[in-house]
Amino acid sequence: MTIKETTPEEVAGRLNKGEALNLLDVREQDEWNEGHVAGAKHIPLGQLDMRLDELDPDHEFIVICRSGNRSGMACELLSKKGLKVVNMTGGLLAWTDKLVRD
């Protein structure tokens, strides 16, 4: 099974054009607190199985983590459950646009 991929630049460009994207951040809480993409949903990787009902299967989700590894694992798990997912390769380490801190 091949997981679709996108880059941080592509995601930032689409957001800056006003596109409504479904972003799913699978990092841990402390990483999320340090900064995240505005509008992203936060479900740490270890909680995905328990919180699948929070994800609408009719939408495609762009999955984000720090470097692209955990988001890749999340994409595999979610696609096996029938969700449409795209892995943001390079993760937030490669993100050059602004981040939100709560």
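**Strand pairing**

I looked up the bridge partner of Asn22 in this predicted model and found Phe61, in S4. I then followed the two strands: S2, residues 22-25, and S4, residues 60-64, pair in the parallel sense over 4 bridges.

I next traced the whole sheet. I recorded an open sheet of 5 strands with parallel pairing, in the order S1-S5-S4-S2-S3. Its edge strands are S1 (4-6) and S3 (41-42), each of which pairs on one side only.

**Helices on the sheet**

I noted that helix H1, residues 8-16, lies across S1, S2, S4 and S5 (84-88). The direction of H1 is at about 75° to S1. Helix H3, residues 69-80, also packs on the sheet and touches S2, S4 and S5.

**Glu31**

I located Glu31 in helix H2, which spans residues 29-34. Is Glu31 buried or exposed? I found a relative accessible area of 12%, so I list Glu31 as buried. Setting aside neighbours within four places in sequence, I found Glu31 in contact with Arg66 and Arg70.

**Cysteines**

I searched the whole structure for disulfides and found 0. I checked the accessibility of both residues. Cys65 is buried, with a relative accessible area of 0%, and Cys75 is buried, with a relative accessible area of 0%.

Definitions and conventions
Residues numbered from 1 in each chain as written. Predicted model: local features only at pLDDT ≥ 70, side-chain atom pairs only at ≥ 80, totals over all residues. Heavy atoms only, no water. Disulfide = S-S within 2.5 Å. Buried < 20%, exposed > 50% of the residue type's maximum accessible area, 1.4 Å probe, protein only. Contact = heavy atoms within 4.5 Å. Pairing = 2+ DSSP bridges. Axes fitted to C-alpha atoms, helices over the stretch in contact; angles between N-to-C directions.
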